[in-house]
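Subject: Handing over a structure, with notes

Dear colleague,

I am passing a structure on to you, together with some notes on what was found in it. Please look through the sequence and the model first, and then read on.

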Amino acid sequence: MEIPKYFKFQNLDIKAGTGNIENSASAFDKINIKTSTGHIKVKDINSNILNLSVSTGKVVVSNSLIDNEIKINVSTGKTYLNNTKCKNITSNGDTGDIILENVIALNDIKIKRSTGDIIFDECDATNILVNTSTGDVTGELLTEKIFFVQSNTGRINVPKTMTGGKCEINTDTGNIKIDID
C-alpha cells in the first residue's frame, strides 16, 4: 500500500495484517500505522503525533517533522530514523537494531530493546535514556551530556562532561561508546 504525499489528512489510521506500507501523506493531528508482517516506510511528512507498530518487519522514518511525539514498537525487525525532528521519541522492541541519523528531539529520546544495537549518528535530545539487554550502544551526539552508563560485560567509553542534559545508557551484554561532535 502506498499513500502519496499530495494527500493531507486530519488523522490517518492504517492497519494491515500482511504487507508493506509506504506513506508520504501528512496529517494535522495523528498518523497511526500498524501491520503484523511487513515493512513500514514514512517519508517527507508533517504531523503532530506519529505512531508506528509492526510485529515482524522494518520501520523507516525519514525527512519528517513531527510537532510532538514519535512512538515506534517493533517486535522483530530493524528501525531506521533519519533527518527527522520532533519533541519526543519512544521506541520499544524485542529483536532488532535501531539506527538514528541526524535525528533531533527537543526533549527526550527513550529507546528500549531486548536484543539489538543502538546507533546514534549526529543526533541529539535534551535527555537520552537507552536500555538494552544484548547489544552495543554507539555513536555521536551533538551536545554535551551528563552520562550515567552501565554495562555488565562490555567496555564503556563516554566523554567525561559535566554539563548538558542527562544521557543514561544501560546494557547487560554490550559495549557503550559515545562521542560528542
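**Salt bridges**

A search of the whole structure turns up four salt bridges. Please keep in mind throughout that this is a predicted model.

Another salt bridge is formed by Asp-124 and Lys-145, whose closest N and O atoms are 2.7 Å apart. Here too distant parts of the chain are linked, with Asp-124 in strand β10 (residues 118-134) and Lys-145 in strand β12 (residues 145-151), 21 residues apart. Asp-124 counts as buried because its relative accessibility is 9%, which is under the 20% cut-off for that class. Lys-145 is buried as well, with a relative accessible area of 1%.

A further pair consists of Asp-179 and Lys-177, whose side chains meet in a salt bridge with an N to O distance of 3.2 Å. Asp-179 is partly exposed, at a relative accessible area of 33%, and Lys-177 is also partly exposed, at 36%.

**Backbone angles to check**

Which backbone angles deserve a second look? For background, most residues other than glycine have a negative phi. Asn-102, although it is not a glycine, has a positive phi of about 55°. Asn-102 is found in strand β9 (residues 98-115), and with a relative accessible area of 35% this residue is partly exposed. Glu-122, again a residue other than glycine, has a positive phi near 60°. Glu-122 has its place in strand β10 and is partly exposed, with a relative accessible area of 25%.

Leu-100 is found in strand β9, and because its relative accessibility is 0%, Leu-100 counts as buried. If neighbours within four places in sequence are left aside, Leu-100 is in contact with Leu-81, Ile-89, Ile-109, Ile-111, Ile-119, Phe-120, Asp-121 and Cys-123. As for a separation across the model, the C-alpha atoms of Leu-100 and Arg-155, which are 55 residues apart along the chain, are separated by 22 Å.

Ile-109 is also found in strand β9, and at 0% relative accessibility Ile-109 counts as buried. Which residues does Ile-109 touch, not counting residues up to four places away in sequence? They are Ile-89, Leu-100, Phe-120, Asp-124, Ala-125, Asn-127, Ile-128 and Leu-129. From C-alpha to C-alpha, Ile-109 and Cys-86 are 9.8 Å apart in space, and they are 23 residues apart in sequence.

**The chain as a whole**

How many helices and strands does the protein chain have? It has zero helices and 15 strands. The C-alpha atoms of the protein chain fill a box of roughly 50 × 30 × 20 Å, taken along the principal axes. Because a compact globule with 181 residues would have a radius of gyration near 16 Å, the 16 Å of the protein chain agrees with that expectation.

Of the 181 residues in the protein chain, 42% are buried. Among the contacts in the protein chain with a separation of 6 or more, 12% are accounted for by residues 24 or more positions apart. The accessible surface of the protein chain comes to about 8,600 Å², and 47% of that surface belongs to carbon and sulfur atoms. As to charge, the protein chain has 20 positive and 22 negative side chains, and the centres of these two sets lie 4 Å apart.

Technical notes
Residues numbered from 1 in each chain as written. Predicted model: local features only at pLDDT ≥ 70, side-chain atom pairs only at ≥ 80, totals over all residues. Heavy atoms only, no water. Helix = DSSP H or I, 4+ residues; strand = E, 2+ residues; numbered from the N terminus. Buried < 20%, exposed > 50% of the residue type's maximum accessible area, 1.4 Å probe, protein only. Contact = heavy atoms within 4.5 Å. Rg over C-alpha atoms; globule rule 2.2 N^0.38 Å. Areas by Shrake-Rupley, 256 points an atom, 1.4 Å probe, with all protein chains shown as cover. Lys, Arg positive; Asp, Glu negative; His and termini not counted. Charge placed at Lys NZ, Arg CZ, Asp CG, Glu CD.
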